[in-house]
Amino acid sequence: MANRQDGLAQALDTEQRTVARLYDLLDVARKRAEATLREVYGRGSGAGTRQAMVEREALASEQARRLAQLNAVERGLCFGRVDDGSGLRTYIGRIGLRDERHESVLIDWRAPAARPFYVATATDPGGLVRRRHLHLKDRVVVGIDDEVFDLERMSEGDRRTLVGEAALLAALRRGRTGRMGDVVATIQTEQDRVIRAGLQGALVVQGGPGTGKTVAALHRAAYLLYTHRDTLERRGVLVVGPNPMFLRYIGQVLPALGETQVVMTTVGEMFPGVRATASDTPAAAVVKGDPRMAEVVAEAVRLRQRVPERELVVELDGLRLRVPHETCARLRERARAVRLPHNMARKLFVTELLKELARAEARALEESLHIEELVIEGEPELSEPLDLEGDLDDLDVELASARLWGEPEVRRALDELWPDLTPQRLVAELLASPETLWAASPPGLDWQLLTRPVEAEWTDGDVPLLDEAAELLGEDDSARRVAARLAEEEQAEELLYASEVLTTTGLAEAGVFDRADVLAERHADDGTGLTTADRAVADRTWAYGHVIVDEAQELSPMAWRMIMRRVPAKSLTVVGDLAQTGSAAGARTWGEVLDPYLEGRWREERLLVNYRTPVEIMRLAADVLRAYAPGQEPPESVREGGAEPRAVRLPVSGLPELVAAELAALRAELGTDGETGPGTGNPETGSGGTGGGTGTGAGSGGGAGVGEGRLGVVTPDARHAEVAALFPRGDLDAPVVVLTVTQAKGLEFDAVVVVDPAGILGQSPMGGQDLYVAVTRATRRLTVMHEGELPPVLSRLA
Ligand SMILES: Nc1ncnc2c1ncn2[C@@H]1O[C@H](COP(=O)(O)OP(=O)(O)OP(=O)(O)O)[C@@H](O)[C@H]1O
């Protein structure tokens with residue numbers, strides 16, 4: 001025993017020396033980046049061409065970005081080591097570092113050389129004899145976990161240093177922080193396959209609750225940006241999540257990994273300038289998500305291209321300008337035939353119709369002259385009838401057209417026939433008009449479910465319709481382009497000013513980092529001061545280099561159309577669980593949603609191990625799954641030994657007391673766990689507080705707020721307000737959060753109280769799936785609160 005203790009102390013000592021050296025190198029790298037930054041600013045801003053200024057900004061931006069990255073990796077810089085049979089040790093960390101001789105001493109986790117750390121297994125160790133997990137608190141090595149693949153090939157000394165509780169389980173024992181952390185230290189082999197899959201093509205990641213789909217998808221984003229930096233920095237990566245709450249939950253993961261070129265959004269936010277705040281009934285959501293809605297929108301656009309029944313008549317200064325129905329119809333066909341979007345084709349229609357109006361004006365004038373039988377004194381009487389129309393040459397017509405364009409009466413008439421439309425106006429007016437809906441809908445579509453007042457707020461289901469409309473209408477984006485150019489110029493000036501301030505005031509350390517953060521956001525290539533992400537977000541037609549869709553089972557066919565437009569190269573990661581589909585408009589199979597675009601050219605990886613929900617809770621969840629999604633298999637849990645889930649019959653007014661008791665029980669549990677940290681028994685407690693900042697989550701450096709514990713109360717939609725009113729308002733970081741099932745999707749809590757399971761089951765045709773989602777959110781404790789009878793599917797709790 002004494003020997004083993006000595007061996008461990010020795011191992012800790014050795015690792016400490018290595019780690020200290022790595023931090024020294026990190027410090028050196030930071031100083032270098034700071035010095036370069038200082039030097040760049042020191043060159044002054046007044047002198048030089050615009051070209052020189054742009055280059056200077058680009059260099060500064062690159063260095064600032066580097067600095068931001070070096071700062072982001074402070075916690076848990078190095079978390080692993082692999083030994084091969086020849087005695088070679090390779091250290092794995094959040095970033096790659098080289099020593100003074102330019103030799104690689106720390107391998108970035110995304111680099112190919114780091115792969116063995118993630119893929120070695122007992123049956124296929126890939127030449128490794130040992131994998132070691134290092135646990136750091138600040139810059140100190142506080143724990144070591146070893147997995148030995150080949151004891152025979154280890155030296156006696158090394159054998160004495162073997163230490164080990166599985167790093168993964170240690171990571172999983174932490175209390176939740178309310179934010180997702182990164183898991184670079186404990187990525188599992190099956191997840192590694194997902195993370196490092198090639199950039200090309202579409203990959204579906206199907207897996208039950210808690211199998212690490214989200215975590216793997218986000219690490220994949222970081223991996224792809226690292227491996228295909230050139231392409232993806234220019235084009236960006238889009239991550240689509242189910243709701244803003246979820247985006248806040250995962251929002252910390254990528255910055256902690258040092259990546260800032262990722263746009264995170266929801267379907268409801270994907271149309272610039274629109275934010276979906278209302279929701280549809282399940283039945284309306286199904287109709288809005290139906291792929292036939294593309295035809296409805298297209299028909300709605302066509303219906304706005306009108307011709308007058310008999311003739312167009314415009315009254316102007318006492319004259320009646322008439323254009324016959326046939327002429328208007330011919331012009332409409334001609335404008336449609338160019339196959340341009342509506343607003344572009346309008347230009348053609350309007351130009352031609354103005355010419356017709358110019359001729360009509362000449363005709364009307366001629367007629368009026370005839371009528372008045374105008375005889376001008378001293379002039380010979382007209383022997384020939386007037387032919388003002390025939391006398392018009394092209395230039396006359398053009399001039400007359402321009403004049404007519406300025407007449408409000410004429411404008412009104414043109415707008416009536418072929419209006420300039422925004423997507424918002426088209427869709428709002430469509431949904432507010434039963435006549436148009438009826439006329440635009442194919443037979444069999446329940447358009448009656450869609451009607452709503454014209455001023456109603458947007459829903460998630462409306463956004464793909466707006467996007468569809470924008471495609472068909474086309475944007476006259478000249479005003480937007482001018483505005484964007486002005487904004488860019490303004491930003492460049494601000495940057496210049498800020499640099500001058502920095503140069504004159506000197507670069508205080510804190511100032512460097514503040515500035516670095518700002519600069520790191522800026523794009524190095526174009527000198528405009530906008531990041532790829534900034535530009536992508538503002539541009540509906542932006543083509544991303546890669547798109548990751550999380551909780552992808554929720555998306556309707558119309559939402560898929562919108563997403564596919566954003567990624568013409570069809571480089572996609574689609575992450576979800578068909579057993580958790582809560583939206584009635586969502587997916588039943590992956591083929592059904594993807595084949596229309598990919599024709600079978602997608603592959604699927606399955607994640608089968610649940611890292612969140614303990615065995616005890618999963619048994620109950622499996623009952624729900626069997627009842628409501630009989631074809632689906634629940635994942636296998638790695639956690640066990642937790643509390644058995646229980647049911648409590650109570651009125652809602654008793655909830656605060658129940659929640660307080662659950663929280664106390666949880667804290668007692670976490671408090672105990674907090675005493676027994678991973679590895680050597682050293683706790684890694686309390687270093688991360690509330691999970692803001694760069695919470696490093698699993699096994700690599702604290703940040704989990706152990707001992708606090710978070711509890712989620714999950715309610716049916718209809719009872720959310722009533723339940724939420726019983727608790728002080730809490731966001732994700734608060735100890736108690738009240739959520740609907742939709743909001744809770746993708747999130748997790750140490751303890752969960754599910755309120756009114758019958759209400760959840762009955763709230764939509766997908767109520768069974770909703771209940772499955774609700775009961776799989778807990779990492780430790782689950783309580784079901786019911787007022788009436790417990791639904792039979794939960795009879796295990798009776
Ligand atoms: N390799 C790992 N190491 C440590 N923790 C992990 C690992 N994989 C997953 N986890 C943890 O398991 C939990 C569940 O992961 P995640 O939320 O990604 O699952 P999911 O498959 O997206 O779940 P859901 O379908 O319910 O949204 C998270 O706390 C995550 O940090």
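Tutor: Start with residue classes: Ala, Val, Leu, Ile, Met, Phe, Trp, Tyr, Cys and Pro count as nonpolar, Asp, Glu, Lys and Arg as charged, and the others, Gly among them, as polar. This is a predicted model, in which local features need pLDDT of at least 70, side-chain atom pairs count only at pLDDT 80 or more, and totals for chains, interfaces and linings use all residues. Residues are numbered from 1 along each chain as its sequence is written.

Student: How many nonpolar, polar and charged residues are in the shell around the ligand?

Tutor: The shell has 9 nonpolar, 12 polar and 4 charged residues.

Student: Which residues come nearest to the ligand?

Tutor: A residue is near a molecule or strand if its C-beta atom, placed from the backbone, lies within 6 Å of it. Of the 25 residues around the ligand, Thr186, Gly212, Lys213, Thr214 and Tyr611 come nearest. As for the names, helices (H or I, at least four residues) and strands (E, at least two) are DSSP runs, numbered from the N terminus.

Student: Now the sheets. What is the order of the 6 strands in the open sheet?

Tutor: First the rule: two strands pair if DSSP finds at least two bridges between them. Here the order is β9-β8-β12-β13-β7-β14, with parallel pairing. β9 (262-266) and β14 (602-607) are the edge strands, each with a single partner, so one side of each has no neighbour in the sheet. From one strand to the next, the twist averages 15 degrees. Axes are lines fitted to C-alpha atoms, for helices over the stretch in contact, and angles run from 0 to 180 degrees between N-to-C directions.

Student: Over how many bridges do β7 and β13 pair?

Tutor: Strand β7 (residues 202-207) and strand β13 (residues 572-576) pair in the parallel sense over 5 bridges. Valine 205 stands opposite valine 575 in β13. Helix α25 (residues 590-598) packs on this sheet, touching β7 and β14, and its direction makes about 175 degrees with that of β7. Contact has a cut-off: two residues touch if their C-beta atoms, placed from the backbone, lie within 7 Å.

Student: Which strands stand at the edges of the sheet that holds β17 and β19?

Tutor: That open sheet has 5 strands in the order β17-β21-β20-β18-β19, and the pairing is parallel. β17 (646-649) and β19 (736-740) stand at the edges with a single partner strand each, so one side of each lacks a neighbour in the sheet. Its twist averages 25 degrees from one strand to the next. β17 pairs with strand β21 (residues 778-786) in the parallel sense over 4 bridges. Arginine 649 is placed opposite histidine 786 in β21.

Student: How are two packed helices described?

Tutor: By the angle between their axes and the distance between the axes. Take helix α18 (residues 423-431) and helix α20 (residues 462-473): the angle is about 125 degrees, with axes 8 Å apart. That makes α18 oblique to α20. Angles under 35 degrees count as roughly parallel, over 145 as roughly antiparallel, 65 to 115 as roughly perpendicular and the rest as oblique.

Student: Is the crossing of α18 and α20 left-handed or right-handed?

Tutor: A crossing is left-handed if the near helix is turned anticlockwise from the far one by less than a right angle, and right-handed if clockwise. α18 passes α20 in a right-handed crossing.

Student: At what angle do α26 and α31 cross?

Tutor: Helix α26 (residues 615-628) and helix α31 (residues 767-775) cross at roughly 170 degrees, and their axes come within 9 Å. That makes α26 roughly antiparallel to α31. The contact residues divide into 10 nonpolar, 2 polar and no charged.
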